[in-house]
Amino acid sequence: MVQKLLLIYVLLKYSIGQVSLDFYPAVNQVTPKIKDETKNQTGKSIGITTYTSTTLNKILGPIELSWYARRTANYNRAMDNFLTQLKVGIVNVDASLNFRQLMTKYNRNTEVYEVFTNDGYVLSLFRIPGNGTPIFLMHGLLGSADDFIIAGPESGLAYLLSEENYDVWLGNARGNKHSRRHIFMDPSEALFWDFSWHEIGVYDLPAMIDFVLEKTKRKELKYIGHSQGTTVFFVMTSQKPEYNSKVSMMIALAPLAFLSHAHSPVVSLLAPGTAILQTMSRGIRILEFQPDGILANVLKQMVCGSGTLAEIICRNAIFLLSGFDFAQLNVSNLPVIFSHLPAGASIKQLVHYGQNSLFNEFRQFDLGSEGNFQRYGRSTPPSYDLSNIVTPVWMFCGRSDWLSARQDVDLLRSKLKRVAEVYYVPFETFNHVDFILAKDVKPLVYKRLLNILRTY
């Protein structure tokens, strides 16, 4: 109860005290579904108090890490083991090394290129050269190219692909730590952060793929995306169907398109409050997601509760958003993970996912009725036409994925024309981030993935 009162206080303080002039116009543009829901609950027209109540009613309650204590016969002993493993990882020098330094340490050649998008962003594109087929890796929300190496040389996907002599390319979306540049804007300017994953799919991904194909003199490549890396692929190939012919196959790790059944407590919390979140960020001029900011700290309390284990795990926004699988958590690697993740994102990316979780649709950013008419010529944003996607797709899914729920994956599968396989990892608690961080990710996921690459 104290935690929920704290959340109410923060929402009220930052919505009324800081952005009161901007709040009501934004709320008036909230979709009719949310307005109706609030009216049904209160019998009154939408307002700040009832809107906050609607938000809280969406919360299922805190998912505390204390479940581990309740299921463990000797919690103190387990906690001692956890801290012992963590101390081992603290001395791991990899935690202080960047992408290129890690490649050098593990005897991989690395090339770094600048890619310019049509709207002026300057992206960093990494390459681990090989003589085989070019494979493009695209990271998830709050991530970067580092996602595919932080599991270490024995388990990191980029390392494994390099061992197979593939020509490995790793993208970095605008706004992450490797791609914080623009030809005339600076990250300190609000306009720099005025993008969601739609722009990443429409501008960033095509620019990087074209660069790879031109550099390698190839006509097509293979694509592997994780989380948001799958979202932007679906955006690109639906909005720019000509890119289907440039990608021979797509492997989707934890695919994200439809989110109406996502059971992440953070998504449940933010979904009906996306107007609040967006308006708050504009009012206090925080348009970049800051993992140590006030919102993240409140969410940490709501989702994780308290205690040593909660404090350690939920210090990282990745676990806060998508959960964690204690059975697959490589505790000794946490210092390396924390030093590379999160890598940065726009608040608008989170808002866009929040909007899509409200409806059983995969659609463009909702700008409100007036903004939608100006941008799209209609009162609601258009859905992405997934029938335009003809690239064969392999989906790898987790049984306990907080973000990519089975019902939403099934809907996505029904919308795509060429789904080669939907594979659920045979581990009951395997979740969203396990596809890049799990200690057994190589036998559980990558062994099968590599076989698909070899045979297709």
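Is Ile200 buried or exposed? At 0% relative accessibility, Ile200 counts as buried. The close-up views below are taken from a predicted model.

Figure 1. Since its relative accessibility is 0%, Ile200 falls in the buried class. Leaving aside residues up to four places away in sequence, Ile200 is in contact with Met138, Ala173, Arg174, Leu205, Pro206, Gln228, Val232 and Gln349. One of these partners is Gln228; the C-alpha atoms of Ile200 and Gln228 are separated by 9.7 Å, and the two residues are 28 apart along the chain.

**Figure 2. Overview of the predicted protein model.** The protein has 456 residues, of which 61% are buried. Its secondary structure consists of 21 helices and 9 strands. Among contacts with a separation of 6 or more, 77% join residues 24 or more positions apart. The average pLDDT is 79, with 67% of the residues scoring at least 70. Residues 1-73 have a pLDDT below 50, and this stretch makes 113 contacts in the model beyond near neighbours in sequence.

**Figure 3. Aromatic pairs that share Phe211.** The structure contains 20 aromatic pairs. In one of them, Tyr113 and Phe211, the ring centres are 5.2 Å apart and the planes meet at 55°, so the pair is classed as tilted. This pair links distant parts of the chain, with Tyr113 in strand S1 (residues 111-116) and Phe211 in helix H9, 98 residues apart. Tyr113 is buried at a relative accessible area of 16%, whereas Phe211 is partly exposed at 23% relative accessibility. Phe211 also pairs with Trp169: their ring centres lie 6.4 Å apart and their planes stand at 70°, so this pair is edge-to-face. Here too, distant parts of the chain are linked, as Trp169 belongs to strand S4 (residues 167-170) and Phe211 to helix H9, 42 residues apart. Trp169 has 0% relative accessibility and is therefore counted as buried.

Figure 4. Trp197, Phe258, Tyr353, Phe362 and Tyr384 together form one aromatic cluster. Thr231, a residue of helix H10 (residues 228-239), touches Trp197, Leu256, Tyr353 and Phe362 when residues up to four places away in sequence are not counted. With a relative accessibility of 1%, Thr231 counts as buried.

**Figure 5. A nonpolar surface patch that includes Ile183.** Phe116, Ile183 and Phe184 make up a nonpolar patch on the surface, and their accessible area together is about 370 Å².

Figure 6. Asn165 is not a glycine, yet its phi is positive, at about 70°. This residue lies in the loop between helix H8 (157-163) and strand S4. Asn165 is partly exposed, with a relative accessible area of 35%. Ala254, also a residue other than glycine, has a positive phi near 55°. The loop that holds Ala254 runs between strand S7 (247-253) and helix H11 (265-270). Ala254 has a relative accessible area of 0% and is therefore buried.

**Figure 7. The cis peptide bond at Pro342.** The peptide bond from Leu341 to Pro342 is cis, and its omega is near -5°. Pro342 is found in the loop between helix H16 (334-340) and helix H17 (347-357).

Methods: Residues are numbered from 1 along each chain as its sequence is written. This is a predicted model: local features need pLDDT of at least 70, side-chain atom pairs count only at pLDDT 80 or more; totals for chains, interfaces and linings use all residues. Side-chain values use heavy atoms; hydrogens and water are left out. Helices (H or I, at least four residues) and strands (E, at least two) are DSSP runs, numbered from the N terminus. Buried means under 20% relative accessible area, exposed over 50%, partly exposed in between (1.4 Å probe, protein chains only). Contact means heavy atoms within 4.5 Å. Patches are made of residues with over 30% relative accessible area and no salt bridge: like charges are joined within 9 Å, nonpolar side chains (Val, Leu, Ile, Met, Phe, Trp, Tyr) within 5 Å. Accessible areas come from the Shrake-Rupley method with a 1.4 Å probe; for residues, only the protein chains shown count as cover. A salt bridge is a side-chain nitrogen of Lys or Arg within 4 Å of a carboxyl oxygen of Asp or Glu. pLDDT is the predictor's confidence in each residue, from 0 to 100. Rings of Phe, Tyr and Trp (its six-membered ring) pair if their centres lie within 6.5 Å; planes under 30 degrees apart count as stacked, over 60 as edge-to-face and the rest as tilted.
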